[in-house]
Amino acid sequence: MVRSSEQGTPGWVCVGTLLFLMYFHPVTVTGAPLKQEVALDNGATVLNHSMSLVNRMETLLAMGNASDVTLRVHTINTDEVKVIQAHSLVLTLQSDVFEELLLSRNNSALVLTETADCAAVFDKFIRYLYCGDISVRLDQAIFMHKLASKYHVWGLQQGLTHYMTQHLSSDSPTGHVISWYNYALQIGDMTLRDSCLQYLSWNLSSVLQSGEWGSISEDLLLSLLQRSDLILQSELELYEALEGWINQNQPVSSTVETALRAVRYGMIPPQHLFRLQKQSPLMVKYYETIRDLLFLAFQFHSASPIQLAKYFDVNCSIFTPRNYLSSSWGSPWVINNPTRDDRSFSFQTQLGPSGHDSTKRVTWNALFSPRWLPLSARSTYTELGAMQPTRTEGGRPRIIVTPATSSPDFAGVSFQKTVIVMAKQQGKVVVRHVYNFHQSTEEAGDFLVDADLQRRASEYLIDSSLYLHIVIKPIYHTLLVARK
């Protein structure tokens, strides 16, 4: 068991050797081993006093009773030594590393060397070996994980990995997700690494506004800039955050140039591009590095996409939108009491990010149903265009997003629809899940497949409501290959 605590009390950990012998190796009066019960007899009652036993053992060890080994924990580059009276039986039961160290010792003392951060939580680590639970703060998680890994306490290691993946959204003074990501990358923990990377990608707007953004490494920064699944307000927000990071960290020119060329300038409205050319010191300094990209962006904004697609490869990243939350790209949708009945919702987006299409709007109809909607029972439209949902029993939640009308302007464009599900974790609203589906499918087949919306405390609900944000992303296609 891992218990998180904002204060974290570093207490001594105590267990009596005799009681552990009785607990782990029970014997009868004659010394014959007791048989472990596989199943209870009919009508039997379990008397569980395990917590009382753990408390008594902790108290005994705190008093130093029956200790047969002294742990002397030296802090690197200091004269500080932490002394812990322990029991070799407990240490060897929990850790094969401790078992080897104890076998090779020359006296009753076992000398260990740790970094200052690990030494500071070492007594909490030892307490876990005796009691099986621990209180952890966000700033202690890495150092506890290091000790668990070093001494092969795999249960604690896995528990701490789970703790970190579940506390990515917790508030901390300087932030912790980026440091956890770097640590996971260092030790090769792919589960923690991927969880951190997904959190950063899906909640990038809040990360950009935090003090943690300035501590991001160059490799992680460049990796994020290449992703199309970033969730943020706009590409302009990303550029301005990038400029702030460069001013703070002063990386080498090659890193700046690579980062600037990863910005998707075609997704920034032309009026903002004009302003950046004159008012952004970073763009002024590195203008020659990205001049070709800016020229291509202005061409994109001045011509229709179908004309541009005849001569340029519009499948490149500069024309590929990310998940932008601004109103031009989609709309939030809060569904109160989502299990009650079917709901419909209409909203408008821009036809595309091109300046040529800036005044053209597309109306979208969304249908949410808490139950399965077979093909024969899907929603139809009246003469006035209103959506008429059909209720069916059973099944799982579904969402369908379709354009209200078709238009010749859709030529050469398909629409990727992204449904973002929000949730509240540690008191903060964060992205819980992201579903992507294309124009040809109309719906996300796996939408909320694991969600239990019937529970008021469901992790997918905020105050009994389902918080969604629908993003419509135009994807352009090359129509003709220009002759050379």
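Buried residues are those with under 20% relative accessible area, exposed residues those with over 50%, and partly exposed residues those in between (1.4 Å probe, protein chains only). The model is predicted, so local features need pLDDT of at least 70 and side-chain atom pairs count only at pLDDT 80 or more, while totals for chains, interfaces and linings use all residues. Residues are numbered from 1 along each chain as its sequence is written, and side-chain values use heavy atoms, with hydrogens and water left out.

View 1. V256 belongs to helix α14, residues 253–261; helices (H or I, at least four residues) and strands (E, at least two) are DSSP runs numbered from the N terminus. With a relative accessible area of 2%, V256 is buried. Its contacts, meaning heavy atoms within 4.5 Å, are with I246, P251, L282 and Y286, not counting residues up to four places away in sequence. V256 and L282 are 26 residues apart in sequence, and their C-alpha atoms lie 9.3 Å apart in space.

**View 2. Helix α13 against helix α15.** The axes of α13 (residues 235–249) and α15 (residues 270–279) come within 11 Å and cross at roughly 15°. Axes are lines fitted to C-alpha atoms, for helices over the stretch in contact, and angles run from 0 to 180 degrees between N-to-C directions. The two helices α13 and α15 are therefore roughly parallel to each other, since angles under 35 degrees count as roughly parallel, over 145 as roughly antiparallel, 65 to 115 as roughly perpendicular and the rest as oblique. L236, Y239 and E240 of α13 meet H272, R275 and L276 of α15.

**View 3. Helix α7 against helix α8.** The axes of α7 and α8 are 8 Å apart, and the helices pack at an angle of about 155°. That angle makes α7 roughly antiparallel to α8. On the α7 side the contact is made by A141, M144, H145, A148 and S149, and on the α8 side by W154, L156, Q157, L160, T161, Y163 and M164. By class, this contact of α7 with α8 has eight nonpolar, four polar and no charged residues; Ala, Val, Leu, Ile, Met, Phe, Trp, Tyr, Cys and Pro count as nonpolar, Asp, Glu, Lys and Arg as charged, and the others, Gly among them, as polar.

**View 4. Helix α9 and what covers it.** In α9 (residues 177–187), the buried residues are V177, I178, W180, Y181, Y183 and A184. Their cover includes α7 (141–150), α8 (154–166), α10 (190–202) and α12 (218–225). Just after α9, G188 takes a positive phi of about 80°.

**View 5. F125 and the largest nonpolar core.** A nonpolar core is a set of buried Ala, Val, Leu, Ile, Met, Phe, Trp, Tyr and Cys residues joined through side-chain atoms within 4.5 Å. The largest such core has 134 residues, of which L71, F98, F122, F125, I126, Y265 and L448 touch the most other members. Apart from neighbours within four places in sequence, F125 is in contact with F98, I134, M144, L147, A148, Y151, V153 and L156.

**View 6. L294 in helix α17.** L294 is placed in helix α17, residues 287–302, and at 1% relative accessibility it counts as buried. Neighbours within four places in sequence aside, L294 is in contact with Y265, L273, Q277, M283 and Y287. The C-alpha atoms of L294 and F274 are separated by 9.8 Å, with the two residues 20 apart along the chain.
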